[in-house]
There are 2 protein chains.
Amino acid sequence: MATFPEVGNAGLVSNAIGAITAHIRMNELGPGDRLPSEAALSKELSVSRTVVREAFRSLAAMRLIDLSVGKRATVAQLDHGAMSLMIEHGIDTEQINVQQIYDVRRTIEVRTATLAALRRSNDEARAILEHAEAMRTNFDAPERVMESDLAFHLEIARASKNPIFAMIVGAFQGVSRQTWPIGWRSRSSDNERHAMNDLHVAIAEAIVAGDPQASSQLMAQHFDESVKALLAAGVA
Amino acid sequence: MATFPEVGNAGLVSNAIGAITAHIRMNELGPGDRLPSEAALSKELSVSRTVVREAFRSLAAMRLIDLSVGKRATVAQLDHGAMSLMIEHGIDTEQINVQQIYDVRRTIEVRTATLAALRRSNDEARAILEHAEAMRTNFDAPERVMESDLAFHLEIARASKNPIFAMIVGAFQGVSRQTWPIGWRSRSSDNERHAMNDLHVAIAEAIVAGDPQASSQLMAQHFDESVKALLAAGVA
DNA sequence: AGTTCAAAACCTGTATGACAGCTTTTATTG
DNA sequence: CAATAAAAGCTGTCATACAGGTTTTGAACT
């Protein structure tokens with residue numbers, strides 16, 4: 001008899017992955033909930049611990065579960081880690097370019113700006129404004145300006161109250177860290193750099209004021225200027 | 001002394017993943033190019049084959065590489081498989097809901113419609129129109145209407161010539177297969193269902209005509225109506 | 001020299017067993 | 001009943017083995 005029908009035919013590991021996600025679904029597990037041990041799953045699925053481990057690793061790579069030594073695996077919170085790696089891989093292998101990323105970001109962030117203006121909590125409004133102001137304050141430390149810039153955009157995405165937007169915006173952070181300095185240097189004068197910071201503050205103020213129109217219009221303007229700067233610097 | 005500094009401290013598997021992606025980057029590998037064998041990497045990194053395998057599995061889970069028995073691992077093409085699982089996991093664990101997905105899709109697809117009108121090849125234009133017409137033709141077989149609908153949206157994303165859009169739109173297909181029938185049933189009459197199909201044909205014609213304004217406007221209208229139907233059906 | 005084809009070498013998928021080190025449960029003791 | 005120590009459970013990593021694919025090698029033949 002050897003192999004009886006099995007559930008699918010794409011390898012034992014794929015089956016195990018399916019069984020584990022099914023377990024999560026059927027038991028209605030949520031973030032933090034514990035999964036069965038490797039040994040238990042190994043027994044239940046009649047496969048070696050090796051197979052179960054590889055399935056766990058796969059799920060952990062996609063950030064569907066968290067692993068840590070000694071403890072059992074737990075269901076994970078939505079996270080942009082895996083998507084970040086996918087995007088970076090796309091860049092590394094020249095399947096996507098920086099301009100395409102900016103198009104996606106612009107499309108999404110014009111929307112998050114709108115939503116943030118409508119839905120931001122007071123704490124989020126304050127955080128967004130603080131990040132924008134930090135960009136001004138640390139003008140002479142580009143490293144810090146960049147980090148505040150990234151935090152600013154991510155906080156707006158969070159304030160949109162749609163975790164998918166937050167995940168996508170987060171996923172681009174890694175790549176943005178590489179391209180940001182290019183944009184900064186390519187602005188032709190400190191005046192332009194100050195103008196960029198001012199624009200961030202203006203977006204923050206529109207969101208604080210709860211003005212979706214102004215928020216999205218200013219965000220669009222910000223991206224148009226950034227793309228122009230990047231193109232001027234000759235980024236493909 | 002035991003463990004000497006190592007490269008990082010997040011476990012041997014993480015190190016191996018880093019080493020492999022670094023290998024891809026430094027050798028400028030592209031889709032289809034072959035990676036070193038497990039044994040070779042195992043030797044080079046001074047870790048067991050087990051560790052290398054788990055690293056490979058992790059990368060395969062994120063679809064950065066392809067594995068197949070007997071052959072060496074190869075660099076993979078950008079693919080929405082991993083992101084699909086992430087989204088489904090988000091739904092299963094109630095971290096995201098259907099309305100949020102529709103908001104993301106609307107945001108992105110209004111843009112892909114615009115770009116498709118500007119950039120579609122003739123083949124793509126024809127394929128998009130065919131999918132829309134197939135929705136009409138197969139009116140009595142909802143299953144087929146759905147598949148044509150999904151293919152229609154994905155083809156538009158591809159025609160935008162931005163693989164990130166295609167990846168995101170593709171990632172939502174799995175979930176859409178679950179919610180689509182709800183939307184179909186929730187339209188109050190066959191008239192409304194025919195209207196939905198007509199709207200798809202109208203979008204296709206706008207793209208064929210190379211009219212970005214009309215394309216995006218009609219796509220926005222399509223999503224607004226779909227969301228309305230879903231809300232009417234009481235989808236959270 | 002070039003082609004064909006079979007053997008050899010290589011490679012991945014899976015299983016088993018072992019042990020270190022961390023975490024949770026259990027049992028004991030005060 | 002609380003504190004604590006022992007036991008049991010769990011994950012991370014390693015080594016080894018073998019079945020069954022795939023690529024390379026080499027020999028035989030044209």
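Modeller: In chain A, the axes of helix 7 (residues 142-159) and helix 9 (residues 173-186) come within 10 Å and cross at roughly 130°. Helix 7 of chain A is therefore oblique to helix 9 of chain A. Bear in mind that this is a predicted model.

Biologist: Which hand does the crossing of helix 7 of chain A with helix 9 of chain A have, left or right?

Modeller: The crossing is right-handed.

Biologist: Which residues of helix 7 and helix 9 of chain A meet?

Modeller: From helix 7 of chain A come P142(A), V145(A), M146(A), E147(A), D149(A), L150(A), A151(A) and L154(A). Their partners in helix 9 of chain A are Q173(A), S176(A), R177(A), W180(A), P181(A) and W184(A). Sorted by class, this contact of helix 7 with helix 9 of chain A holds 9 nonpolar, 2 polar and 3 charged residues.

Biologist: At what angle do helix 7 and helix 10 of chain A pack?

Modeller: Helix 10 of chain A covers residues 190-208, and helix 7 of chain A packs with it at an angle of about 25°, the axes being 12 Å apart. Angles under 35 degrees count as roughly parallel, so helix 7 of chain A is roughly parallel to helix 10 of chain A. This crossing of helix 7 and helix 10 of chain A is left-handed.

Biologist: Which residues make the contact between helix 7 and helix 10 of chain A?

Modeller: V145(A), D149(A), F152(A), H153(A) and I156(A) of helix 7 meet M196(A), N197(A), H200(A), I203(A), A204(A) and I207(A) of helix 10, both in chain A. The classes in the contact of helix 7 with helix 10 of chain A are 7 nonpolar, 3 polar and 1 charged.

Biologist: What rotation superposes chain B on chain A?

Modeller: To read symmetry, look at the rotation and at the shift along its axis. Here a rotation of 180° with 0.0 Å of shift superposes chain B on chain A, at an RMSD of 0.1 Å. The two copies are thus related as by a two-fold rotation axis. Of the residues of chain B, S58(B) comes closest to that axis, its C-alpha being at 2.3 Å. As for the contact surface, 100% of the contact residues of chain B recur in chain A, and the same surface serves both copies.

Biologist: Is E54(A) buried or exposed, and what does E54(A) touch?

Modeller: Buried means under 20% relative accessible area. E54(A) has 4% relative accessibility and therefore counts as buried. E54(A) is in helix 3 (residues 49-61) of chain A. Leaving out residues up to four places away in sequence, E54(A) touches V13(A), R53(B), E54(B) and R57(B).

Biologist: What surrounds I156(B)?

Modeller: I156(B) is in helix 7 (residues 142-159) of chain B and counts as buried, at 0% relative accessibility. With residues up to four places away in sequence not counted, I156(B) touches T112(B), A113(B), A116(B), I128(B), I203(B), I207(B) and M219(B).

Biologist: Where do backbone angles call for a second look?

Modeller: Most residues other than glycine have a negative phi. R63(A) has a positive phi, near 65°, and lies in the loop between helix 3 and strand 1 (65-66) of chain A. R63(A) is partly exposed, with a relative accessible area of 31%. S46(B) also has a positive phi, near 55°. S46(B) is in the loop between helix 2 (38-45) and helix 3 (49-61) of chain B, and is exposed, at a relative accessible area of 64%.

Technical notes: Residues are numbered from 1 along each chain as its sequence is written. Chains are lettered from A and ligands numbered from 1 in the order in which they are written. This is a predicted model: local features need pLDDT of at least 70, side-chain atom pairs count only at pLDDT 80 or more; totals for chains, interfaces and linings use all residues. Side-chain values use heavy atoms; hydrogens and water are left out. Axes are lines fitted to C-alpha atoms, for helices over the stretch in contact, and angles run from 0 to 180 degrees between N-to-C directions. Helices (H or I, at least four residues) and strands (E, at least two) are DSSP runs, numbered from the N terminus. Angles under 35 degrees count as roughly parallel, over 145 as roughly antiparallel, 65 to 115 as roughly perpendicular and the rest as oblique. A crossing is left-handed if the near helix is turned anticlockwise from the far one by less than a right angle, and right-handed if clockwise. Contact means heavy atoms within 4.5 Å. Ala, Val, Leu, Ile, Met, Phe, Trp, Tyr, Cys and Pro count as nonpolar, Asp, Glu, Lys and Arg as charged, and the others, Gly among them, as polar. Copies are superposed by least squares on the C-alpha atoms of residues with pLDDT of at least 70 in both. Buried means under 20% relative accessible area, exposed over 50%, partly exposed in between (1.4 Å probe, protein chains only).
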